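Colleague: Could you walk me through this one? I'd like the metal site, the rings and the sheet, one question at a time.

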Amino acid sequence: EAPYHSIIGLNEHAGTLHYQYYDLKPPRRPRSLLIDAGVRYRGYCSDITRTTAGPDEPRFTALVHGLEKLQLRLCEMVSPGVDYVDIHRKAHLGIAALLSASGLVSGLPDEAVVEQGITRAFFPHGIGHFLGIQVHDVAGKPTPSPEDAPFLRLTRTLEASMVVTIEPGLYFIPSLLEPLLNGPEAQYLNRALIDELKSCGGIRIEDNVVVTASGARNLTRECE
Ligand SMILES: [Mn+2]
């Protein structure tokens, strides 16, 4: 029993978070595959995403591995007493480091890459949400999202037994990148590399993590 419609995106469709229009034919060159899917078990939902690079995509493969390393570090932050917004902010810093390491951005320290809104163009959604009997479970926001995280659905301090998703992403979405490529930030961006990777669409890696009394259990990785 699926708690939501699975998202299966090939190539540039991996960068589109939700769909209205569907391709009916496979692409000639498979460059990437993103699957966001879950099941409902005893009334509780899961919400998991994996991204796979095509067979001849060394640069995109390196980005997938880099984002996965970051995702695992963010999962390790989950613990009682931790402000979930801090995990979101760490994700932006990590994505800034990944953009620099991959050569997509150069000439700016990581903090400035975040402050100038460059990471927000590559990672436009929140780091995750509550998970429970609803996929986006309720009561995540007793206070409005902070200004630097307008789409974050969870702003609470974590407590034991809460279940959250940790789902950083890195996407090549033309409508978000064009303003940067036509603005003063363009000097820091590698347009040729962005153009090359654009048809890979994007990456999202999402696990389901339960807060325990002393840390967390990653329910998704336990099943691998
Ligand atoms: Mn999710």
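This is a predicted model: local features need pLDDT of at least 70, side-chain atom pairs count only at pLDDT 80 or more; totals for chains, interfaces and linings use all residues.

Colleague: Is F122 buried or exposed?

Modeller: The cut-off for buried is under 20%. F122 is buried, because its relative accessible area is 0%.

Colleague: Which kind of aromatic pair do F122 and F172 form?

Modeller: Rings of Phe, Tyr and Trp (its six-membered ring) pair if their centres lie within 6.5 Å; planes under 30 degrees apart count as stacked, over 60 as edge-to-face and the rest as tilted. By this rule the count comes to 1 aromatic pair. F122 and F172 sit 6.0 Å apart centre to centre with 90° between the planes, so the pair is edge-to-face.

Colleague: Which residues coordinate the manganese ion?

Modeller: Donors are N, O and S atoms within 2.8 Å of the metal (3.2 Å for Na, K and Ca); water is not among the atoms, so sites may look incomplete. Along the chain, the donors of the manganese ion follow the spacing D-x81-H-x37-E-x38-E. At 2.0 to 2.3 Å, the ion is coordinated by D47 (OD), H129 (NE2), E167 (OE) and E206 (OE).

Colleague: Why does D47 count as buried?

Modeller: Buried is the label for under 20% relative accessible area. D47 counts as buried because its relative accessibility is 3%.

Colleague: Which backbone oxygen does the side chain of T51 reach?

Modeller: A polar contact is a pair of N or O atoms within 3.5 Å; within protein, one must be able to donate a hydrogen and the other to accept it, and residues adjacent in sequence count only if both atoms are side-chain atoms. At 2.8 Å, the side chain of T51 reaches the backbone oxygen of R204.

Colleague: In what order do the 3 strands of the open sheet come?

Modeller: Strands (E, at least two residues) and helices (H or I, at least four) are DSSP runs, numbered from the N terminus. Two strands pair if DSSP finds at least two bridges between them, and 4 bridges join β6 to β9. The pairing is antiparallel and the order is β6-β9-β10.

Note on methods:
Residues are numbered from 1 along each chain as its sequence is written. Side-chain values use heavy atoms; hydrogens and water are left out. Buried means under 20% relative accessible area, exposed over 50%, partly exposed in between (1.4 Å probe, protein chains only).
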